[in-house]
Amino acid sequence: MNNTMFSPSAAINLSFSPSRYPLKSSCKPTIFSAIGCSSSGAITEASVSVKSSSASKLAATFAAAAVILSTTPSAFAADPYQIYYGTAASAANYGGYGGNSSKKDSAEYIYDVPDGWKERAVSKVEKGTNGTDSEFFNPKKKTEKEYLTYLAGIRQLAPLEVILNNLALSDVNLQDLISSADNVTSKETKKENGQVYYVYEIDGVAAHSLISVTCARNKLYAHFVNAPTPEWNRDKEILRHIHESFQTV
């Protein structure tokens, strides 16, 4: 957008010199004297017209600028998601909590985390018993969360219905959700590289769950996105996004 510059040399000379412009009757030396003044001292119609025209042009300029500013591309806004790099390290090799910037080169999987969500530190005991590798939650509602579990020594996926039942064996909350669900759907999908993913959606009375499962590196990875029904109804688009962002690398 080209900026409009006001050049002093192009402006109307509004200076007043009594010697050059002698006043008649009661016309006072005002800013309008250089434009027009009647013998009675009133501002002439021509001067009002010029002033009105200038004000209209200035108003139009400001209006145009406001439209341009209001349509600034959203690309300048902060990214609402951060990428998490998971290593799926064994409990014996697991150490430390916190940032994930150093994990990028050794990552085995990735998924998006909504801006503002917090990471929960996973203990070695959890990692060794149920295979939980990472977890993030909404601090405003901690039961709205995403987490990943893995199991080593798995070369390929079992049938769709078998996988979900096996996951529930080590997750009591998942067992309860499935048993009280109004609807459970499952499907098989493939990424561009041909890798197979099982996708499950569990619509329960009190909660909703999205699960994505795949095999790679002789491991089974299961990514969970869970939310109570009110949060699911409110954040459905965000929750589906983070669900679909999971993949192995």
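**Helices, a sheet and their packing**

Tutor: In this predicted model, the buried residues of helix α5 are Glu-231, Trp-232, Asp-235, Leu-239, Ile-242, His-243 and Ser-245.

Student: Nice start! On which residue is the kink in helix α5 centred?
Tutor: Helix α5 covers residues 229-245. Its kink amounts to about 85°.

Student: Which strands does α5 lie across?
Tutor: Take the sheet to begin with: it is open, and its three antiparallel strands follow the order β1-β2-β10. β1 (81-86) and β10 (247-248) each have a single partner strand, so they stand at the edges. Helix α5 runs at about 165° to β2, and the strands it lies across are β1, β2 and β10.

Student: And which residue of β10 is the bridge partner of Tyr-109?
Tutor: Strand β2 spans residues 109-114 and pairs with β10 over two bridges, in the antiparallel sense. In β10, the partner of Tyr-109 is Thr-248.

Student: How are α3 and α4 oriented to each other?
Tutor: Helix α3 (residues 160-169) packs with helix α4 (residues 172-179), their axes 6 Å apart and at an angle of about 130°. Among the residues making the contact are Leu-164 of α3 and Ile-178 of α4. By class, the contact has seven nonpolar residues, one polar and no charged ones. With that angle, α3 and α4 are therefore oblique.

Student: Last one: is Val-125 buried or exposed?
Tutor: Val-125 belongs to helix α2 (residues 124-129). Exposed means over 50% relative accessible area. Val-125 has 60% relative accessibility, so it counts as exposed.

Conventions
Residues numbered from 1 in each chain as written. Predicted model: local features only at pLDDT ≥ 70, side-chain atom pairs only at ≥ 80, totals over all residues. Heavy atoms only, no water. Helix = DSSP H or I, 4+ residues; strand = E, 2+ residues; numbered from the N terminus. Buried < 20%, exposed > 50% of the residue type's maximum accessible area, 1.4 Å probe, protein only. Axes fitted to C-alpha atoms, helices over the stretch in contact; angles between N-to-C directions. Parallel < 35°, antiparallel > 145°, perpendicular 65-115°, else oblique. Contact = heavy atoms within 4.5 Å. Nonpolar A, V, L, I, M, F, W, Y, C, P; charged D, E, K, R; others polar. Bend = angle between axes of the 7 residues up to and from the residue. Pairing = 2+ DSSP bridges.
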